[in-house]
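I opened the model and kept short notes. The entries follow the order in which I looked things up.

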Amino acid sequence: MRVVRPGFHASVYAAVRSVPAGTVTTYGDVGAALGSPRVARHVGWALAALTDDSVPWHRVVNASGRISFKGDTPRAVLQRARLEAEGIVFTSSGRIDGFSALRLTARDALLDAISDAPA
DNA sequence: CGTATGACTTTTA
DNA sequence: GTAAAAGCCATAC
């Protein structure tokens with residue numbers, strides 16, 4: 001998907017939209033795919049500004065394979081519910097089962113999508 | 001233009 | 001395995 005002249009968050013949205021259902025990625029990977037591994041915080045920051053469902057923000061978790069939120073917040077519950085609805089399995093520790101592999105799959109899709117829409 | 005902030009990451013203990 | 005501290009950098013004010 002071609003990004004015309006994005007600000008940073010527009011790039012984030014484009015990248016996250018390219019994440020396939022049933023996979024997950026991290027803030028750092030999204031940032032890295034956009035060309036800057038140091039902007040992980042801003043990926044989350046950009047997603048925080050989202051108000052609609054046009055972006056699958058729930059497929060983005062932190063580098064530990066866990067939900068970033070405290071766990072009792074409405075968004076955390078919603079995120080987990082949506083992921084489970086896509087086939088993601090959580091371990092008893094609250095981590096995503098097979099996180100490493102899912103992350104790689106999503107990263108590959110991200111890079112492929114972004115190579116079609118260079119910064 | 002300078003300061004504050006944050007849905008993160010990595011290193012160290 | 002978890003916990004705490006430092007580092008980064010785009011928005012907001």
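**Notebook: contacts and burial**

I began with DNA strand B. Of its atoms within 4 Å of the protein, 39% belong to sugar or phosphate and the rest to bases. Ground rules next: this is a predicted model, local features need pLDDT of at least 70, side-chain atom pairs count only at pLDDT 80 or more, and totals for chains, interfaces and linings use all residues. Residues are numbered from 1 along each chain as its sequence is written, chains are lettered from A and ligands numbered from 1 in the order in which they are written, and side-chain values use heavy atoms, with hydrogens and water left out.

**Entry: the surface near DNA strand B**

I listed the residues near the strand (a heavy atom within 4 Å of it). I found 15 residues around DNA strand B, and the closest are His42, Ala48, Trp57, Ala63 and Phe69. Which helix gives the largest share of this surface? Helix 3 does, with six residues. Helix 2 and helix 3 each supply at least two residues. Helices here are DSSP runs of H or I with at least four residues, strands are runs of E with at least two, and both are numbered from the N terminus. I sorted the surface by type: seven nonpolar, six polar and two charged. In this scheme Ala, Val, Leu, Ile, Met, Phe, Trp, Tyr, Cys and Pro are nonpolar, Asp, Glu, Lys and Arg are charged, and the others, Gly among them, are polar.

A backbone N or O atom of Gly44 is 3.4 Å from a base nitrogen of DNA strand B. A polar backbone atom of Ala63 lies 2.7 Å from a phosphate oxygen. For Ser68, a polar side-chain atom is 3.1 Å from a phosphate oxygen.

**Entry: helix 3**

I checked burial (buried is under 20% relative accessible area, exposed over 50%, partly exposed in between; 1.4 Å probe, protein chains only). In helix 3 (residues 40-48), Val43, Ala46 and Leu47 are buried. Why are they on the same side of helix 3? They cover an arc of only 100° around the axis, so they share one side. Arg41 and Trp45 are exposed on the other side. The buried residues pack against helix 1 (8-17), helix 2 (27-33) and strand 2 (60-61).

**Entry: Thr23**

I located Thr23 in the loop between helix 1 and strand 1 (25-26). Thr23 is buried, at a relative accessible area of 6%. Its side chain reaches the backbone oxygen of Pro20 at 2.7 Å. I also listed contacts (heavy atoms within 4.5 Å). Not counting residues up to four places away in sequence, Thr23 touches Arg59, Ile88, Leu102, Thr105 and Ala106.

Terms used. Arc of directions from axis to C-beta. Polar contact = N/O pair within 3.5 Å; in protein donor to acceptor, adjacent residues only side chain to side chain.
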